[in-house]
Amino acid sequence: DWGCKTILLAHANASKQLVSLFAELGADVVFMRKESMVASYPKLKAILHSNGESTIEPLTPSTDLDILVDEAYLADQLFSLGYLGSQGGPVIPAIAKFFRNNDMGSLTVWPPMCPRIEAFACLQNPTNNHWRPNNGEFVYIFPTTNGLTSQRYKKAYGSVRSARMLHAGGPFLCEDSASLAESVLRRLGYLDDELNRDLE
């Protein structure tokens, strides 16, 4: 008898939820890794530390960005703890605040699959299921830049998107307060004590 087998040929950046669904149905998942795709992979990562500041560090070739993550489970858990206002909200800011409020140390926030992988692993850890809910204390800021399309930036960062995300120095967490907007604008250089002294 001739047998049959279901194979999903997926792009390396394919939806993890879609890939997970096919895997649960018994399909073999094969990721395409053309040389051009490998060449455009990020070369750097952004790590957000417990003090709210981030550092930009090399992304080692051994880093696996294709680990399957149950995105629905991840969103449900973050929603139940108050880190997601809705299940369609941005998940990485929610994860960053979840890590900070639960004193979980540093979190890789870029490339974007890294925080999902790390948070999913933590939430599935049976030794800790008493997570602190969101207290609304922190705001996640990730400044980006435009342009940076030259080969120099592609070579340094791995892709134009990575260059635009990381060239400004990486994300940070701020305490929410009445002076939040002014503090962020000062940090980004839009306000100073000379020509640009106030928001009016």
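In this predicted model, Arg186 is partly exposed, with a relative accessible area of 30%, and its side chain meets that of Glu182 in a salt bridge with an N to O distance of 3.3 Å. Glu182 likewise counts as partly exposed, at 33% relative accessibility. The two residues are 4 residues apart in helix α8, so about one helical turn separates Arg186 from Glu182. As a general rule, an α-helix has 3.6 residues a turn, so residues three or four places apart point the same way.

**Salt bridges between separate parts**

| Partners | Distance, N to O |
|---|---|
| Arg187 and Glu53 | 2.5 Å |
| Arg116 and Glu71 | 3.3 Å |
| Arg186 and Glu182 | 3.3 Å |

The side chains of Arg187 and Glu53 meet in a salt bridge of 2.5 Å, N to O. Because Arg187 lies in helix α8 (residues 180–187) and Glu53 in the loop between β3 (44–48) and β4 (54–58), this pair ties together parts that are 134 residues apart in sequence. Arg187 is partly exposed, with a relative accessible area of 43%, and Glu53 is also partly exposed, with a relative accessible area of 31%.

Arg116 forms a salt bridge with Glu71, and the closest N and O atoms of this pair are 3.3 Å apart. Since Arg116 belongs to helix α5 (residues 113–123) and Glu71 to helix α3 (residues 71–80), the pair ties together parts that are 45 residues apart in sequence. Are Arg116 and Glu71 buried or exposed? Both Arg116 and Glu71 are buried, a word that here stands for a relative accessible area under 20%.

Returning to the pair in helix α8, Arg186 and Glu182 are separated by about one helical turn. Elsewhere, salt bridges that share partners join Arg100, Asp103 and Arg132 into one network.

Helix α5, which holds Arg116, is mostly covered, for 8 of its 11 residues are buried. The buried residues of α5 are Met113, Cys114, Pro115, Arg116, Ile117, Ala119, Phe120 and Leu123. What covers these buried residues includes α1, α3, α4 and β5 (107–110).

Helix α1 (residues 16–24), one of the elements that cover the buried residues of α5, has Lys16, Val19 and Ser20 as its own buried residues. Seen down the axis of α1, these buried residues fall within an arc of 100°, so they line one face of the helix. Just after α1, Gly26 takes a positive phi of about 95°.

**An enclosed space**

A search of the whole structure finds 1 cavity of 30 Å³ or more, and about 50 Å³ of space lies in the largest cavity. Which residues line the largest cavity? The lining consists of Leu48, His49, Ser50, Ala96, Phe99, Arg100, Gly105, Leu107 and Leu173. Sorted by class, the lining has 5 nonpolar, 3 polar and 1 charged residues. Helix α4 (residues 91–101) gives the most to this lining, with 3 residues.

Terms used
Residues are numbered from 1 along each chain as its sequence is written. This is a predicted model: local features need pLDDT of at least 70, side-chain atom pairs count only at pLDDT 80 or more; totals for chains, interfaces and linings use all residues. Side-chain values use heavy atoms; hydrogens and water are left out. A salt bridge is a side-chain nitrogen of Lys or Arg within 4 Å of a carboxyl oxygen of Asp or Glu. Buried means under 20% relative accessible area, exposed over 50%, partly exposed in between (1.4 Å probe, protein chains only). The arc is that of the directions from the helix axis to the C-beta atoms. On a 1 Å grid over the protein atoms alone, a cavity is a set of points where a 1.4 Å probe fits but cannot get out, and a pocket is an open set with protein on both sides within 12 Å along at least five of seven lines; lining residues have an atom within 4 Å of a point. Grid points are joined across faces, edges and corners, and a volume is the space filled by probe spheres set on the points. Ala, Val, Leu, Ile, Met, Phe, Trp, Tyr, Cys and Pro count as nonpolar, Asp, Glu, Lys and Arg as charged, and the others, Gly among them, as polar. Contact means heavy atoms within 4.5 Å.
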